[in-house]
Structures are given as C-alpha cells and as structure tokens.
Amino acid sequence: MKTTIAALCLACSAHRSFAFVPMINHPTSSQSRQTKLLSVAMIATPNTSGISLSTDPDYPQNFTGRLWFSPALVKVKDGLKPGLGVTILSLFGYSLGGTVTLEYDTSPVGPYREYVTMSALAMKKGSIGQWGSRLYVSTQEAEDVCRDLWGVPAELANIDFVDEGDCLQMTSPPNPEDTSDINIAVEGWKNTKVLLPEDYEYADYNPKRWGSVPVNWTPSIKALWAPFVPFPDAGSKENELPMHKLRLSASAVRLQWSGFERNIKIDNFSEDKYNVGIPLGLGLTVDNVLIEIGTRCEQNL
C-alpha cells in the first residue's frame with residue numbers, strides 16, 4: 001500500500017531505519033516494556049472486543065492497527081488480467097508489486113491479520129493504481145465480511161506474524177496453487193511497532209494521527225488507486241468497477257531496511273511458482289494506522 005502521511009516529524013532511528021514520528025518527551029517509568037505493551041494493547045483500542053465503531057456516516061467502517069508494505073519487482077506473466085478495462089503497467093516484463101501485511105487491533109469483525117499479494121501497477125481511465133491478485137485473512141468472520149459487504153474475494157489462511165527477527169522478512173509466502181490449509185509467516189513483526197509504550201502513556205492512550213490521505217479502492221479486484229480519475233467518462237459502462245473512497249491516517253511511519261536477499265523457509269520453493277519478485281530492500285511500516293472505508297461512490301471506475 002503506497003501511503004504518504006503528512007505533517008509528521010522526520011527523525012533518524014537506529015539500526016538501519018528512518019522514522020517519521022511525533023516529537024514526544026517521555027515520562028520515566030519502572031514498568032517493563034513487555035508489561036507496558038500489554039497495557040497498550042488492552043487500553044488503546046476503542047473497546048475490549050476489538051469491534052470498531054464509526055461516527056462518520058460517509059465512512060461507516062474503519063480499521064486500526066499496523067502494516068508493512070514490502071515492494072518488489074514482479075515478473076508479469078502472460079495472460080494476467082486484473083479486470084475489464086484495466087491495463088497492466090510494466091517495463092521489460094516486470095512491474096511494481098510486493099506484499100502488504102496488516103495486523104488489525106480493531107475492525108468491524110474484531111482483530112485479525114491480512115496478507116495481500118500485490119502483483120502489478122495498473123491503469124484505468126487514466127488513474128494509476130496497484131493491483132492485488134490475492135488477499136488472505138486469518139478469521140472466518142473477516143472472510144465473510146470482505147465477501148458479503150464489499151465483494152472482496154478474500155481467502156482464509158493461517159497467518160503468523162512472529163516478533164523475533166532483526167528485520168521484517170517474509171519467510172513463508174502463500175502457495176498460489178493452494179485453495180485450503182494456506183500457511184503464511186512473517187518474521188521480525190516487532191519492527192512494525194514504531195510507537196513506544198511511553199508514546200501511548202503521554203497521549204493518554206490515544207496518540208494523535210496525521211494524514212486523512214484519500215485513496216480510491218475497487219474491492220472486487222483488490223486494487224488501490226490515486227484519488228483522482230483524469231478521464232472518468234472513458235471506456236464502456238460494462239467494464240466499470242464499483243469504487244469506494246478510503247481515508248488513511250497514522251501516528252508513525254518508518255522506512256525499514258529488509259535487505260535484498262529473501263529468507264524463505266519452505267520446502268520446494270521456486271520463484272517461477274511463487275513469483276514473489278525481486279525485493280527492493282526498503283519497506284514501509286505504518287503504526288497506529290486508521291483505515292476508513294467510505295460508502296460506495298456514485299461514480300464507478
């Protein structure tokens with residue numbers, strides 16, 4: 001997910017990463033970091049059930065948590081068709097893809113994890129976006145709401161985010177040939193937690209978010225688009241896609257080094273089969289993110 005959060009302070013953090021974080025003077029405390037993190041997880045969410053609530057009728061659903069976007073150069077395979085009227089953008093047979101992994105503390109159906117295989121840059125009606133070929137969720141409730149409410153062809157999977165690890169790495173990508181018992185794993189997930197417990201304490205467990213960045217979303221093909229459509233009347237009505245507005249805000253963003261080498265820990269891995277691409281080395285982590293989903297737009301894409 002390509003997300004730019006405005007009005008954040010630029011600071012350099014240690015160990016191969018750069019952070020955009022609020023400047024906060026932290027109070028001292030004798031509590032252990034582990035104990036504080038547990039308190040944050042319990043108190044910083046709107047309610048203990050993890051069910052999110054919205055007070056904006058134009059954006060009736062919202063999600064909070066953290067995410068990691070790991071971009072990669074992905075080979076564009078023959079016959080790739082994300083949707084009617086959608087053009088794949090590529091150069092020398094490759095496009096910008098990668099993975100987006102999300103951990104939701106709150107959502108309309110409670111906490112869950114999500115993994116999206118981003119397969120290519122795309123264009124429709126002059127708008128540029130990024131297309132996700134597969135979307136996996138960790139609970140049955142999440143799969144149901146994705147399919148029933150937005151028409152997202154989500155798939156149920158076992159998704160494991162492991163805190164241990166010096167940097168974020170995808171160690172078990174989903175097998176694209178599997179339709180059941182799908183296993184996904186990411187290591188180094190602790191690196192997505194940019195905010196410290198002191199940040200939550202200082203902000204009374206409600207850290208300020210910046211951004212409200214607008215993004216267009218076509219859920220039926222799992223694609224995110226720039227918030228403007230240069231040629232809204234181009235193409236035929238039969239090829240139009242249902243579209244929603246999104247608003248993205250966050251408390252902290254970090255550019256995180258993950259290296260150029262993959263660390264895949266599954267048997268019989270092959271690039272031709274999994275097509276995870278060539279990692280670009282840097283990824284984007286976003287903490288205390290708020291994703292708001294608007295009602296369906298009158299104008300389709």
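This section describes the overall fold, the salt bridges and selected surface and helix features of a predicted model.

The protein chain comprises four helices and 17 strands, and 49% of its 301 residues count as buried. Among contacts between residues at least 6 apart in sequence, 73% join residues at least 24 apart. The chain exposes about 14,800 Å², of which carbon and sulfur atoms supply 54%. The mean pLDDT is 81, with 84% of the residues reaching 70 or more. Over residues 1-46, however, the pLDDT is below 50, although this stretch has 88 contacts in the model beyond near neighbours in sequence.

Side chains of opposite charge can pair when their charged atoms come close. A search of the whole structure finds 13 salt bridges, and one of the residues that take part, Arg66, pairs with both Glu103 and Asp287. In the pair formed by Glu103 and Arg66, the closest N and O atoms are 3.0 Å apart. This pair links distant parts of the chain, with Glu103 placed in strand 5 (residues 94-106) and Arg66 in strand 3 (residues 61-75), 37 residues apart. Glu103 and Arg66 are both buried. For Asp287 and Arg66, the closest N and O atoms lie 3.4 Å apart. Asp287, like Arg66, is buried. These residues belong to a network of salt bridges that links Arg66, Glu103, Asp105, Arg113, Asp160 and Asp287.

A further salt bridge is formed by the side chains of Arg134 and Glu155, with an N to O distance of 2.6 Å. Arg134 lies in strand 7 (residues 127-137) and Glu155 in strand 8 (residues 155-156), so this pair ties together parts of the chain that are 21 residues apart in sequence. Glu155 has a relative accessible area of 15% and is therefore buried, as this value falls under the 20% cut-off.

Between the sequence positions of Arg134 and Glu155 lies helix 2 (residues 140-150). The buried residues of helix 2 are Ala142, Glu143, Val145, Cys146 and Trp150. In an α-helix, which has 3.6 residues a turn, residues three or four places apart point the same way. Helix 2 is followed by Gly151, whose phi is positive, near 75 degrees.

The C-alpha atoms of Trp257 and Leu280 are separated by 9.3 Å, while the two residues are 23 residues apart along the chain.

Key: Residues numbered from 1 in each chain as written. Predicted model: local features only at pLDDT ≥ 70, side-chain atom pairs only at ≥ 80, totals over all residues. Heavy atoms only, no water. Salt bridge = Lys/Arg side-chain N within 4 Å of Asp/Glu carboxyl O. Helix = DSSP H or I, 4+ residues; strand = E, 2+ residues; numbered from the N terminus. Buried < 20%, exposed > 50% of the residue type's maximum accessible area, 1.4 Å probe, protein only. Contact = heavy atoms within 4.5 Å. Areas by Shrake-Rupley, 256 points an atom, 1.4 Å probe, with all protein chains shown as cover. pLDDT = per-residue confidence, 0-100.
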